[in-house]
Amino acid sequence: MTFWDFLVKKRNWLLAVMAVLTVLCIAVYPKVTIISDISYFLPDSSPIKRGLDIMDAEFPGMAGQFGTLSVMLEDVENPENEKKTLTDLTGGLICADLRTSGNYTLYNFLLAQGCDYEEVRETVTQFYDGRAVVRVDQDRNMPPDIWPIIISGVVLVFVILFVMCPSVMEVLLFLLTTLMALAINMGSNILLGSVSFVTNTMVVVLQLLLSMDYSIIITNRYRQEKLNWPGDNEKAMTGALRMAAPSVFSSGLTTMASLMMLVFMHLKIGMDMGIVLSKGVLISLICNFTVLPALVLKFDKAIIKTQKKAPRLSSKKLAHFETKHRVALTVVFLAVSVSAFMLQKRTPIAFSAFWETEIDKHFQPTNSLILVYETADEDAIPALVDTLSRDPLVNSCLNYPDFFKRGYTADEMTAQVASFAPDISADIVRLVYYSYTHPERTERLSFDDIIALTEELAA
C-alpha cells in the first residue's frame, strides 16, 4: 500500500482524528495569551527596550502605570463636576489631562497597575447610556473596523470561488477544510505560550489566501482523474493526490520557507508571525491531504448535483502580447523596480503611528514619552525639561528631579500635584510644610482628642 493509498483507504479515520483535534483546539483557544503591548516585541538592543528593562528592574510596576483611558463627552456644562463623576466611575483613577474642543470634552485617566480597563469601559459606557466615547491605548493599535474588513475580504474570496468553481458544493468543502485548518492553527498557539494581537488578527486572512490554492489544485486533479477511472472514485482520488502532490508540496514548502524569513527580523513580532503563519500553512497542507479527500469522496454525488457553468477566461491574447513585447516589458519592469527602490529610500518612517479613532477626529493625538536617565546625570535634567516645556509640540512635562529639588510655595505645590492627587488641598500642604519646618513641636493627639475635634469640625 502506497502512502496515497493509505490516505484514501483510511480517510474516515483521518477525518475523525482531525475533527477531534479541531474541537480540542477550539476549546483551548480562549486560553491562548494575546499580547497587545507592541513594546514586548522590541529587539533587546533597542534603546526603548533597554529603558523598559531598567524601569522594570529599578522601579517595579512603574511601566504599567503609563497607559491611559480616555473618555470623550459632548456638551458638558461643568467639566470639573463631570471629572469628579468620572473619577468615581473609574474607581479612583487619576485624571492626568482635561481638554476641550468645540462641544467636546476629553478626560485622560492614568491606568493603575492591574486595572481591568474593560470593566471600567463598560461601567462608564452604561452610566452615560452610550453617549461617552471610551478608548484605551490598545484601541489605537489596529483599525477600529478591522473585523468587518477581514470578514468582507473572506466573503469576497468565497464569492469569487462560487463564481469560478464548477460546483457549489466544492466551495463549501473548501470552506470547511479551511476553517478546520484555521481552528487547529489558532488553538495550537497555546503551545507557543503567547502570540501578538497583530498575528492573532491577521492569521485568518493570510492563512486563507496562502493555502486556498491547495484545495483547488487537488479537486481539479480529482475531476481529471475521474475520467481515467470511471466508476472508481477511490482510485481517482489516489491518483489525484499523487499527481497533485509535487505542485502542492513545492508551493507549500516555498511559502513556509519565505514566511520563516520573518524570524530574522529585528522586531520580534516577525518571529511571532513567521512561526504562526508557517505552522498554519503546514496545517493547511495536512488538512488538504486528510480532510479534503474524505469530504470530496463523501459528498461526490452532491458535487455532481450542484455543478454549474463556470466562466473560462482565456489568456491567449495576454500570452501573445507578453511574448511579442517581452523586451519592452522587461525594460519597463526594471525601470519600475529601480524607481520603487529609490522612492522607498525616501519614504518617511513613523516611529509612533496609531490608527485614528473617534476621539482623534476632535482632539489632536498625543503620546506619552518617558525619559530614563542615570542618577549621576540628575542635575542636568531640570534644564532639559525646561527646554522641552517650551516646545510648542509638548503639552506637559513632569519630571521627578525638578519636582523634588525645586522649591514651591504651598499653592504652587498644590497646583503641581493637582493632576494626580486632586484631594490634596493647599491647607493640607501647609500642614505638611509646618510640620517639616517645626520639628520641635512634639504634641500628640489621642484618639479621644481626634474624635472630639472631628465632631466639632463636623458641626
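Guide: Gladly, and a definition comes first: axes are lines fitted to C-alpha atoms, for helices over the stretch in contact, and angles run from 0 to 180 degrees between N-to-C directions. Helices are DSSP runs (H or I, at least four residues), numbered from the N terminus. Bear in mind that this is a predicted model, in which local features need pLDDT of at least 70 and side-chain atom pairs count only at pLDDT 80 or more, while totals for chains, interfaces and linings use all residues. Residues are numbered from 1 along each chain as its sequence is written, and side-chain values use heavy atoms, leaving out hydrogens and water.

Now to α6 and α8: their axes cross at roughly 10 degrees and come within 9 Å. The two helices are therefore roughly parallel to each other (angles under 35 degrees count as such). Of the contact residues, 13 are nonpolar (Ala, Val, Leu, Ile, Met, Phe, Trp, Tyr, Cys or Pro). One is polar and none is charged (charged covers Asp, Glu, Lys and Arg; polar covers the others, Gly among them).

Stepping back, the largest nonpolar core has 60 residues, with Leu-241 and Phe-289 touching the most other members. Such a core is a set of buried Ala, Val, Leu, Ile, Met, Phe, Trp, Tyr and Cys residues joined through side-chain atoms within 4.5 Å, where buried means under 20% relative accessible area (1.4 Å probe, protein chains only). Both α6 and α8 supply at least two residues of this core, though its largest share, 15 residues, comes from α10.

Note on methods. Buried < 20%, exposed > 50% of the residue type's maximum accessible area, 1.4 Å probe, protein only. Parallel < 35°, antiparallel > 145°, perpendicular 65-115°, else oblique.
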